[in-house]
Amino acid sequence: MFEPKSCTYTYLLGDRESREAVLIDPVLETAQRDAQLVKELGLRLLYAVNTHCHADHITGSGLLRSLLPGCQSVISRLSGAQADWHIEDGDSIQFGRFALETRASPGHTPGCVTFVLNDHSMAFTGDALLIRGCGRTDFQQGCAKTLYHSVHEKIFTLPGNCLIYPAHDYHGLTVSTVEEERTLNPRLTLSCEEFVKVMDKLNLPKPQQIDFAVPANMRCGIQTPPS
């Protein structure tokens, strides 16, 4: 699913047999839409998972806990944010016959993680790796050198045909592969030294929602539905 204001992708994964499901990177404004889809498909949402503490939108995980009883919020312990479950590198998020492996991929923020499906057929990379790009590293304790090593060691080591699903896209693209990004990503095909220089010179404007999104996301977003 797509949220147009922040250009955020939300991903719903479900197991047909058990009906258990996981939602990755929900957005507050579209949480009602996501909950409706979960109900329509007859799924039971176990977890609303965040790849990191977002600066460009408020997470929908807190609201989804209220809309779908039994749903737990999940985020990396290193994010410093509140959640029902603080995951670590190597943790497995189980839903039915499937599982998401947690791979720490810091650099955009210290608490960024990539979720890899247990058969290595797809990876949900958050803001660490975008399609022909990557997340910025100039705020929230970001570090370009750390991000470079995270992508090369935790994501580019996956099979070349592994599908890459990012948290955002600003050009109308929806999916890539490890091999595509390994060979075509204009930033991450550079040397680490050159990558750091490029990232240091981006001079991007501050995200419009950062001043209220980050504090809200440290509390797992909005906890109760609006009256």
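Colleague: Which residues does Phe95 touch, not counting residues up to four places away in sequence?

Modeller: This is a predicted model. Phe95 belongs to strand β8. Not counting residues up to four places away in sequence, Phe95 touches Leu100 and Leu117, and also Leu13, Gly14, Asp15, Glu20, Ala21, Val22 and Leu46.

Colleague: Is Phe95 buried or exposed?

Modeller: The relative accessible area of Phe95 is 1%. Buried means under 20% relative accessible area. Because its value is 1%, Phe95 counts as buried.

Colleague: How far apart in space are Phe95 and His149, C-alpha to C-alpha?

Modeller: In sequence, Phe95 and His149 are 54 residues apart. Taken from C-alpha to C-alpha, their separation in space is 30 Å.

Colleague: Which are the edge strands of the open sheet of 6 strands?

Modeller: The order in this open sheet is β8-β9-β10-β11-β12-β13, and the pairing is mixed. An edge strand here pairs on one side only, which applies to β8 (92–95) and β13 (176–177). The edge strands are therefore, by the definition of pairing as at least two bridges between two strands, β8 and β13.

Colleague: In which sense do β8 and β9 pair, parallel or antiparallel?

Modeller: Strand β9 covers residues 98–104 and is joined to β8 over 4 bridges. Within this pair, Gln94 has Ala99 in β9 as its bridge partner. The hairpin of β8 and β9 has 2 residues between the strands, and Gly96 there takes a positive phi near 60 degrees. The sense of the pairing is antiparallel.

Colleague: What is the bridge partner of Glu101 in β10?

Modeller: β9 pairs with strand β10 (residues 113–117) in the antiparallel sense, over 5 bridges. In β10, the partner of Glu101 is Val116.

Colleague: Why does Ser76 count as buried?

Modeller: Ser76 is part of strand β6 (residues 72–76). Leaving aside neighbours within four places in sequence, its contacts are His86, Ile87, Gly111 and Val113. Ser76 counts as buried because its relative accessibility is 5%.

Colleague: Which backbone nitrogen lies 3.1 Å from a polar atom of the side chain of Ser76?

Modeller: A polar contact requires a pair of N or O atoms within 3.5 Å. At 3.1 Å from a polar atom of the Ser76 side chain lies the backbone nitrogen of Leu78.

Technical notes: Residues are numbered from 1 along each chain as its sequence is written. This is a predicted model: local features need pLDDT of at least 70, side-chain atom pairs count only at pLDDT 80 or more; totals for chains, interfaces and linings use all residues. Side-chain values use heavy atoms; hydrogens and water are left out. Buried means under 20% relative accessible area, exposed over 50%, partly exposed in between (1.4 Å probe, protein chains only). A polar contact is a pair of N or O atoms within 3.5 Å; within protein, one must be able to donate a hydrogen and the other to accept it, and residues adjacent in sequence count only if both atoms are side-chain atoms. Contact means heavy atoms within 4.5 Å.
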